[in-house]
Structures are given as C-alpha cells and as structure tokens.
Amino acid sequence: MVVSKTELFDELLQQKANLFKALSHPARLQILKFLATTQNCISGDISDELPLSRTTVNQHLKELKDAGLIKGHIEGVKMKYCLDAQKVFEMKNLLTGFLDEIQLPENFTCE
C-alpha cells in the first residue's frame, strides 16, 4: 500500500501544515483581513475588493473554506461569507504554539 508522505507525520503537525498552507497566498490573507475588518458576513462579490478576477477569487475562497477559516452559504441569489471565529482562534493558537516551539535565542546567528 502506498502511503502519502504527509501521513508519515503526526496528526497535529499535518493539521498545522494544512492551516498554514491556506495562509500561503497574499490574496487569501487579504480576504481574511477584509472579512475581519467588516466584522460581519459579506453578501455579494468579494472580488470587487481585490485586484483579481472573480474566478481567481473564488478559487482562493474555496481554499479558505476547505481549511475551515471561512464559512460561505447561499442567501437568495448571493453568496454570504464570514470568518469562522472558532477556527481563526484555533489557527492563532496553533501558529503561536508552533513559533514558541521553534523559538531561538536573541543572539542566534547562522553562519
């Protein structure tokens, strides 16, 4: 049986990698920032807020939805998008915890 190389790592590390991957594009970061600044759910076309085509924005929205960072549902003829606050807090804790694990001393240098 063939095993995916990611399966060679523990579940928590895989979870962190999946969330961090969702943050790996500036458009996704901008979408998250936009939804956070609105502080509510947005109906309509988020592509009006980004310098990208509607199709490209929809691909990034799908990545964020797949990661669980945003929720989207149809309301009438429009899509309504919101941050998933619980997942965003979880991501923040995972990222902070990970950075704490690899914290280096202030005088660390690599030569």
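In these legends, a residue is called buried when its relative accessible area is under 20%, exposed when that area is over 50%, and partly exposed in between (1.4 Å probe, protein chains only). The model is predicted: local features need pLDDT of at least 70, side-chain atom pairs count only at pLDDT 80 or more, and totals for chains, interfaces and linings use all residues. Residues are numbered from 1 along each chain as its sequence is written, and side-chain values use heavy atoms, with hydrogens and water left out.

**View 1. Ser47 in the loop between β1 and α3.** Helices (H or I, at least four residues) and strands (E, at least two) are DSSP runs, numbered from the N terminus. Ser47 has a relative accessibility of 10% and therefore counts as buried. Contact means heavy atoms within 4.5 Å. With residues up to four places away in sequence not counted, Ser47 touches Leu52, Ser53, Arg54 and Val57. Ser47 and Gln103 are 56 residues apart along the chain, and their C-alpha atoms are separated by 37 Å.

**View 2. The open sheet of 3 strands.** Two strands are said to pair if DSSP finds at least two bridges between them. The order of the strands is β1-β3-β2, and the pairing is antiparallel. β1 and β2 are the edge strands, as each pairs on one side only. Strand β1 (residues 42–43) is joined to strand β3 (residues 78–83) by 2 bridges. Within this pair, Ile42 has Tyr81 as its bridge partner, and Ser43 stands opposite Lys80.

**View 3. The hairpin of β2 and β3.** Strand β2 (residues 70–75) pairs with β3 in the antiparallel sense over 6 bridges. Ile70 stands opposite Leu83 in β3, while Glu75 has Lys78 as its bridge partner. The hairpin has 2 residues between the strands, and Gly76 takes a positive phi near 70 degrees.

**View 4. The crossing of helices α2 and α3.** Two packed helices are described by the angle between their axes and the distance between the axes. Axes are lines fitted to C-alpha atoms, for helices over the stretch in contact, and angles run from 0 to 180 degrees between N-to-C directions. The axes of α2 (residues 26–38) and α3 (residues 54–66) come within 10 Å and cross at roughly 75 degrees. Angles under 35 degrees count as roughly parallel, over 145 as roughly antiparallel, 65 to 115 as roughly perpendicular and the rest as oblique. The two helices, α2 and α3, are therefore roughly perpendicular to each other.

**View 5. The residues where α2 meets α3.** From α2, the residues Ala27, Arg28, Ile31 and Leu32 meet Val57, His60, Leu61, Glu63 and Leu64 of α3. The residues of this contact divide into 6 nonpolar, 1 polar and 2 charged. In this grouping, Ala, Val, Leu, Ile, Met, Phe, Trp, Tyr, Cys and Pro count as nonpolar, Asp, Glu, Lys and Arg as charged, and the others, Gly among them, as polar. His60, found in helix α3, counts as buried because its relative accessibility is 8%. Leaving aside neighbours within four places in sequence, His60 is in contact with His25, Ala27, Arg28, Ile31 and Leu52.

**View 6. Thr38 in helix α2.** With a relative accessible area of 23%, Thr38 is partly exposed. A polar contact is a pair of N or O atoms within 3.5 Å; within protein, one must be able to donate a hydrogen and the other to accept it, and residues adjacent in sequence count only if both atoms are side-chain atoms. A polar atom of the Thr38 side chain lies 2.8 Å from the backbone oxygen of Leu35. Thr38 and Cys82 are 44 residues apart in sequence, and 9.4 Å separates them in space, C-alpha to C-alpha.

**View 7. Thr96 in helix α4 (residues 85–101).** Thr96 counts as partly exposed because its relative accessibility is 40%. The side chain of Thr96 reaches the backbone oxygen of Lys92 at 2.9 Å.
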